[in-house]
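Here is a short briefing for a reader meeting this structure for the first time. It goes topic by topic.

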Amino acid sequence: MASQYQQYSTVRKYWHLMRPHTLTAAVVPVLVGTATAKIFLLGSEDHLKLSLFIAMLVACLLIQAATNMFNEYYDFKKGLDDHTSVGIGGAIVRNGMSPKLVMNLAITFYIIAAILGIFIASQSSFWLLPIGLVCMAVGYLYTGGPFPISWTPFGELFSGIFMGMIIILIAFFIQTGNIQSLAVWISIPIVITIGLINMGNNIRDWVKDKASGRKTLPILLGKNNAVRFLALMYIVAYLLVIYITFFKPGGSIFFLLALLSFPMPIKAVRRFKKNDTPETMMPAMAATGKTNTFFGFLYALGIYISALLGGI
């Protein structure tokens with residue numbers, strides 16, 4: 001019985017290390033990009049390639065999980081994490097994992113993702129290899145290297161572009177063999193919702209980050225202005241969906257399914273306004289992640305339904 005409990009406890013430690021609440025940020029872009037590809041495969045003899053979809057999905061999950069591990073490792077090394085820190089996996093400071101183990105596991109995930117990337121490139125285009133390497137480098141450099149991106153005001157931009165737009169366009173390209181302007185437009189709301197997960201994290205941690213010398217966007221704006229900026233960008237994301245639906249060729253009323261997620265960012269903004277400590281802002285931070293999840297899944301569903309019905 002004790003052995004079974006130990007095994008369960010070990011599995012749970014590894015699961016928490018990957019920060020599972022962030023993993024949908026890797027899933028959503030692949031779903032959106034693949035669903036958009038379906039629109040452009042209508043009327044052709046080509047079909048969605050399931051093997052490439054699965055390889056892309058697994059690779060993105062591994063890269064996201066590894067990025068979280070790099071974050072865990074470097075924040076510990078720089079003295080930013082301790083047993084009281086919130087919003088972290090806590091593998092090192094609470095669960096007793098060695099920093100070396102965390103780093104080695106992250107590298108292993110990157111190696112497996114790279115192998116999957118080679119398979120994807122072999123089935124589509126080897127030009128994807130340098131693009132994939134850049135994405136992986138950004139994942140590492142977000143908290144690693146001499147000038148971590150997470151210490152600058154550009155964390156939201158980098159996470160939104162590389163986790164959102166680039167992944168959507170790669171997922172689209174490996175299915176269609178080209179890039180269409182509609183895919184670029186469709187990716188922009190996801191760029192915003194993923195970037196705002198990062199911003200929610202930085203708002204929650206802005207006091208501690210400021211004391212450590214970071215220059216994140218919420219630190220430069222101040223907490224109240226950062227929350228206002230968060231709210232404004234959510235409005236922009238939803239307005240973009242409406243714009244794409246009615247004013248871009250290939251838009252469909254089914255894209256508007258994404259609007260059903262609108263209560264989630266309202267909760268996030270209200271909770272950030274109401275609370276000031278990292279602990280009390282955790283529900284607000286969680287709401288930014290849920291917003292991306294619900295928004296993204298509904299968005300992908302609407303795009304896919306549109307493709308099935310011929311882009312009504």
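In this predicted model, the largest nonpolar core has 38 residues. Met-56, Met-69, Val-102 and Ile-174 touch the most other members. The largest share, 15 residues, comes from α3.

**The cores**

- Beyond four places in sequence, Val-102 touches Leu-17, Met-69, Glu-72, Tyr-73, Ala-91, Ile-92 and Met-97.
- Another core, of 19 residues, lies apart from the largest one. Its members include Ala-35, Leu-182, Ile-194 and Phe-295.

**Phe-295**

- Phe-295 sits in helix α12, which covers residues 278-308.
- Phe-295 has a relative accessible area of 0%, so it is buried.
- Leaving out neighbours within four places in sequence, Phe-295 is in contact with Pro-189, Ile-190, Thr-193, Tyr-238, Val-241, Ala-258 and Ser-261.
- Phe-295 and Thr-280 are 15 residues apart in sequence. In space, their C-alpha atoms are 24 Å apart.

- Arg-19 belongs to the loop between α1 (2-17) and α2.
- Most residues other than glycine have a negative phi. Arg-19 has a positive phi, near 50°.
- Is Arg-19 buried or exposed? Its relative accessible area is 9%, and the cut-off for buried is under 20%, so Arg-19 is buried.
- Thr-143 is placed in the loop between α5 and α6. At 2% relative accessibility, Thr-143 also counts as buried.
- A polar atom of the Thr-143 side chain lies 3.4 Å from the backbone nitrogen of Asn-71.
- Not counting residues up to four places away in sequence, Thr-143 touches Phe-70, Asn-71, Tyr-74, Asp-75, Lys-78, Pro-148 and Ser-150.

**Aromatic pairs**

- How many aromatic pairs does a search of the whole structure find? The search finds 12.
- One of them joins Phe-70 and Tyr-110. The ring centres are 5.2 Å apart and the planes stand at 85°, so this pair is edge-to-face.
- Phe-70 is in helix α3 and Tyr-110 is in helix α4, so the pair ties together parts that are 40 residues apart in sequence.
- Phe-70 counts as buried at 3% relative accessibility. Tyr-110 counts as buried at 12%.
- Phe-255 and Tyr-299 form another edge-to-face pair, 6.4 Å from centre to centre and with 85° between the planes.
- Phe-255 lies in the loop between α10 (223-247) and α11 (263-274), while Tyr-299 lies in helix α12, so this pair ties together parts 44 residues apart in sequence.
- Phe-255 is buried, at 0% relative accessibility. Tyr-299 is buried as well, with a relative accessible area of 0%.
- Ring pairs also link Phe-70, Tyr-73, Tyr-74, Tyr-110 and Tyr-140 into a cluster.

**Helix α11**

- α11 has 12 residues. From its first C-alpha to its last it reaches 17 Å, close to the 16 Å expected at 1.5 Å a residue.
- Which residues of α11 are buried? They are Met-264, Pro-265, Ala-268, Val-269 and Phe-272.
- Seen down the axis of α11, these buried residues fall within an arc of 135°, so they line one face of the helix.
- An α-helix has 3.6 residues a turn, so residues three or four places apart point the same way.
- The buried residues of α11 pack against α7 (181-204), α10 and α12.
- The face of α11 turned away from the buried side carries the exposed residues Arg-270, Lys-273 and Lys-274.

**Ser-252**

- Ser-252 is found in the loop between α10 and α11.
- At 1% relative accessibility, Ser-252 counts as buried.
- The side chains of Ser-252 and Ser-306 are joined by a polar contact of 3.4 Å.

Methods
Residues numbered from 1 in each chain as written. Predicted model: local features only at pLDDT ≥ 70, side-chain atom pairs only at ≥ 80, totals over all residues. Heavy atoms only, no water. Core = buried A, V, L, I, M, F, W, Y, C linked by side-chain atoms within 4.5 Å. Buried < 20%, exposed > 50% of the residue type's maximum accessible area, 1.4 Å probe, protein only. Helix = DSSP H or I, 4+ residues; strand = E, 2+ residues; numbered from the N terminus. Contact = heavy atoms within 4.5 Å. Polar contact = N/O pair within 3.5 Å; in protein donor to acceptor, adjacent residues only side chain to side chain. Phe/Tyr/Trp six-rings, centres within 6.5 Å; stacked < 30°, edge-to-face > 60°. Expected span 1.5 Å × (residues − 1). Arc of directions from axis to C-beta.
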